[in-house]
Amino acid sequence: MLSVENIDLSYGAGKALRGVSLDAKAGQITCVLGRNGVGKTSLMRAVVGRHPIQSGKIVWEDADISKLAPYERCRRGIAFVPQGREIFPLLTVRENLETGFAPLKGGDRKISDEIFTLFPVLKTMLHRRGGDLSGGQQQQLAIGRALVTKPRLLVLDEPTEGIQPSVIKDIGRAISYLRNKGEMAIILVEQYFDFARELADRFAVMERGSIVMSGGQVELQSPDVRQRVSV
């Protein structure tokens, strides 16, 4: 469904991505691994349109989307859960979720009960402000908001960062459930290796703006992979 083909991305004079290629398919989780500062977030920002690429192309559902704005990619079924969550702290949980209505047509503008099944805590806190939630609850809210847009590609940038273990398990179960439905491609950026290893169907390891290792579940069990991504 998604094909990132030999892309370069720069911030001023500094090159963040060098000839990166990556695929993501429906019914699979593709994990992007690596230490801090190797270009993982830059790759995600390129996929969702938050930063332009200098060369290469990004193909989604057989269409070149390299030059499309983020909102246009969202309308085509691409949802992003950014590092740091970026929820609206002064809006209620319900209002945060409803911001996901923007790319949808009028008849589709509703919050699916499936979101509350995946994250029951959100249903109990619909009238609380987003800024009053714990970090783990905010992360569930950020994922829920992305799911409101009815994505066919879900991009998650370090969803376990700063989250308590019990909520990490809840998030892992939700991601696994979404993968198993077979309707959605998922890209997961992670530093928590054991979390990624449990979920990944495919993986890519980044170093200095390039992908240096990739493969499937068998290759992911290699001690060399853990060594390359461990801090």
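Leaving out neighbours within four places in sequence, Leu 2 is in contact (heavy atoms within 4.5 Å) with Leu 22, Asp 23, Ala 24, Val 47, Ile 58, Val 59, Trp 60, Leu 153 and Ile 187. Leu 2 belongs to strand S1, residues 2-11; strands here are DSSP runs of E with at least two residues, helices are runs of H or I with at least four, and both are numbered from the N terminus. With a relative accessible area of 3%, Leu 2 is buried. For that label, buried means under 20% relative accessible area, exposed means over 50%, and partly exposed is anything in between, with a 1.4 Å probe and protein chains only. For a sense of span, the C-alpha atoms of Leu 2 and Phe 195 are separated by 23 Å, and the two residues are 193 apart along the chain.

Before going on, some ground rules. This is a predicted model, where local features need pLDDT of at least 70 and side-chain atom pairs count only at pLDDT 80 or more, while totals for chains, interfaces and linings use all residues. Residues are numbered from 1 along each chain as its sequence is written, and side-chain values use heavy atoms, with hydrogens and water left out.

Now zoom out. The protein has ten helices and ten strands. Its C-alpha atoms fill a box of roughly 45 × 35 × 35 Å along the principal axes. The radius of gyration, taken over C-alpha atoms, is set against a globule rule of 2.2 Å times the number of residues to the power 0.38. For 231 residues a compact globule would come out near 17 Å, and the protein has 17 Å, so the two agree. Buried residues make up 51% of the 231. Take the contacts between residues at least 6 apart in sequence: 68% of them join residues at least 24 apart.

As for the surface, the protein exposes about 10,800 Å², with carbon and sulfur atoms supplying 47% of it; the areas come from the Shrake-Rupley method with a 1.4 Å probe, and for residues only the protein chains shown count as cover. There are 32 positive and 26 negative side chains, and the centres of the two sets lie 2 Å apart. Lys and Arg count as positive and Asp and Glu as negative, without His or the chain ends, and each charge is placed at NZ of Lys, CZ of Arg, CG of Asp or CD of Glu.

Back to the details, with helix H1. Seven of its nine residues are buried: Lys 40, Ser 42, Leu 43, Met 44, Ala 46, Val 47 and Val 48. Val 47 has already turned up among the contacts of Leu 2.

Lys 40 sits in H1, which covers residues 40-48. Is this lysine buried or exposed? At 4% relative accessibility, Lys 40 counts as buried. Its side chain reaches the backbone oxygen of Arg 35 at 2.9 Å. That is a polar contact: a pair of N or O atoms within 3.5 Å, where within protein one must be able to donate a hydrogen and the other to accept it, and residues adjacent in sequence count only if both atoms are side-chain atoms. Not counting residues up to four places away in sequence, Lys 40 touches Val 32, Leu 33, Gly 34, Arg 35, Glu 158, Val 189, Glu 190, Gln 191 and Met 206.

Glu 158, one of those partners, deserves a look of its own. It is found in the loop between S7 and helix H7 (165-181), and with a relative accessible area of 7% it is buried. Its phi is positive, about 50°, although Glu 158 is not a glycine. Most residues other than glycine have a negative phi. Glu 61 also has a positive phi of about 50°. That residue is in the loop between strands S4 (55-60) and S5 (63-64) and, at 36% relative accessibility, counts as partly exposed.

Thr 149 lies between helix H6 (135-148) and strand S7 (153-157) and is buried, at 10% relative accessible area. Its side chain reaches the backbone oxygen of Ala 146 at 2.6 Å. Neighbours within four places aside, Thr 149 is in contact with Cys 74, Ala 79, Gly 100, Pro 103 and Leu 104. Lys 105 lies in the loop between helices H3 (93-98) and H4 (113-118), and at 68% relative accessibility Lys 105 counts as exposed.
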